[in-house]
Amino acid sequence: MAAETPLESLQEEATCPICLEYFTEPVTLECGHNFCRACIGQCWVGSATAASCPQCRETVQQRNLRPNRQLANVVEIAKRLSLQATKGTGGDGVCGEHQEALKLFCEEDETPICVICRESRAHRAHTVVPIQEAAQEYKENIQAHLKTLREEREKLWGFHVTGEGKRQEYLKQIQTERQKIVSEFQQLRQFLEEQERLLLSQLEKLDEEIVRIQNENVSKLSEQISRLNELISEMEGKCQKPASEFLQDVRSTLSRWDKGKFQLPEEISPELEERVSGFSQKTIALLEALRKFKDILLSALETKTGEPLGAHRQANVTLDPDTAHPKLILSEDRKSVRWGGMWQDLSNNPERFDTVFCVLGCEGFTLGRHCWEVEVGDGTFWAVGVARESVGRKGWISRSPEGGIWAVEWWWGQFRALTSPVTLLPLSRAPSRIRICLDCERGQVTFIDAGDDTQIFTFPPGSIPGERIRPWLWVLGPQLRLCP
């Protein structure tokens, strides 16, 4: 029989002589022998106070059991050394419960077990295979999954490479388009600037020629007026003399008054007038062509980008208290207005309406496209729209384009456009919220039912003059509110 190794001797010393397992809570008897606390307690079941040592049969007292902490430490050292020895020999590990090599694999619990675990109640009914066989089977499964994962990785990497190539191609294409756009617009700006300078130069020449003609005419008129003054003074003096003296050289005096020498100068020659008129017509045609060009360009850009470049921008409109009629009451946030019925003590400044119950928005627009919404509720009398900055404020004003107002109103159950004359709109009820869309470039305003986005009425392009335009509200009843 081979001699015991130091590790085996240590394991033997750390083994309980009753259960033949490593000590668990080792205790020492009076005789010096050591046992697990549970094992010695099981041996002494039924004894009162005195009992015998299972190893030497010496009588001992049960109450004299002393915990052996040093031995417990030795047991832990023996367990660690046994585990290291098993790993060093290439084993599959040691069972933490039985300190046996893990040579089997429980498929139900999916855990390695030792031969003692195999016979336990926990694993007796389970399917158990050798650990190497189980490892080989799972390795094959993992290898199959690894193959699939690697293939997927290759596909994704291919997509990444392809996408990166396309991205670089798109970036290069975008850069090319950017250079084209910058170049074309730069050329266009240079062309427009040259044409602007040319037209302004021609206007400057016309202006200088008109000023020259005017100065010449003023000089000629001044000279002739001076001569006429001298002749008038001479003839008045002649008339004051006695008849004998008055009649001397009277014919000579009359002959000096030559009406043909006093002619009105020609203010502007027909040729110059024709040039001014022709230039004005060309300017109108040029501006109209530029507007059409801008519309075509916007349309082309919207088609190319798929975005509404000329879309209306939402305007944050507030009401101007300095323009409100004294019977109108504005909210603190200046977002709503209602008819109060009582005349308020307000300053009669030049901006305030004093006869028509209306108010202007603080914001004014001269360029671009803008929109805002007004909640009209169930009021009986109201109107919403826009007005030019110079709209009349004092006395009765015409609520029509002629008066500088473009609006729609609800009046006695009828929805009308404030044209001249008014246009009855085919709506049986007033919308609860109206969107006003102002296009300054086109000179156009459109009214839309914000509830279903249907168009109500449009004042055609060119209706609104090219000056500052402000929101306009008129109310005689419940409040109108500007929506956020």
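This note comments on selected residues, strands and cores of the structure above.

1. Basis of the comments. The model is predicted, so local features are used only at pLDDT of at least 70 and side-chain atom pairs only at pLDDT 80 or more, while totals for chains, interfaces and linings use all residues. Residues are numbered from 1 along each chain as its sequence is written, and side-chain values use heavy atoms, with hydrogens and water left out.

2. Strand E21. Strand E21 covers residues 469-475; helices (H or I, at least four residues) and strands (E, at least two) are DSSP runs, numbered from the N terminus. Of its 7 residues, 7 are buried, so the strand is largely enclosed by the rest of the structure. Buried means under 20% relative accessible area, exposed over 50%, and partly exposed in between (1.4 Å probe, protein chains only).

3. Partners of E21. Two strands pair if DSSP finds at least two bridges between them. Strand E12 (residues 358-360) runs antiparallel to E21 and is joined to it by 3 bridges; here Cys-358 stands opposite Trp-474. Strand E14 is also antiparallel to E21, with 7 bridges. Ile-469 in E21 is the bridge partner of Arg-388.

4. The nonpolar cores. A nonpolar core is a set of buried Ala, Val, Leu, Ile, Met, Phe, Trp, Tyr and Cys residues joined through side-chain atoms within 4.5 Å. The largest has 51 residues, and Trp-372, Val-384 and Ile-434 have the most contacts inside it. Strand E14 (residues 381-388) gives the most to this core, with 6 residues. A second, separate core has 9 residues, including Cys-16, Phe-23, Cys-36 and Leu-71.

5. Ile-434. Contact means heavy atoms within 4.5 Å. With neighbours within four places in sequence left aside, the contacts of Ile-434 include Trp-372, Val-384, Phe-415, Phe-447 and Ile-456.

6. Thr-446. This residue belongs to strand E19 (residues 444-449) and counts as buried because its relative accessibility is 10%. Its side chain makes a polar contact with the side chain of Thr-458 at 3.2 Å. A polar contact is a pair of N or O atoms within 3.5 Å; within protein, one must be able to donate a hydrogen and the other to accept it, and residues adjacent in sequence count only if both atoms are side-chain atoms.

7. Cys-117. Helix H4 (residues 115-119) holds Cys-117, which counts as buried at 8% relative accessibility. Beyond its neighbours within four places in sequence, Cys-117 is in contact with Cys-95, His-98 and His-123.
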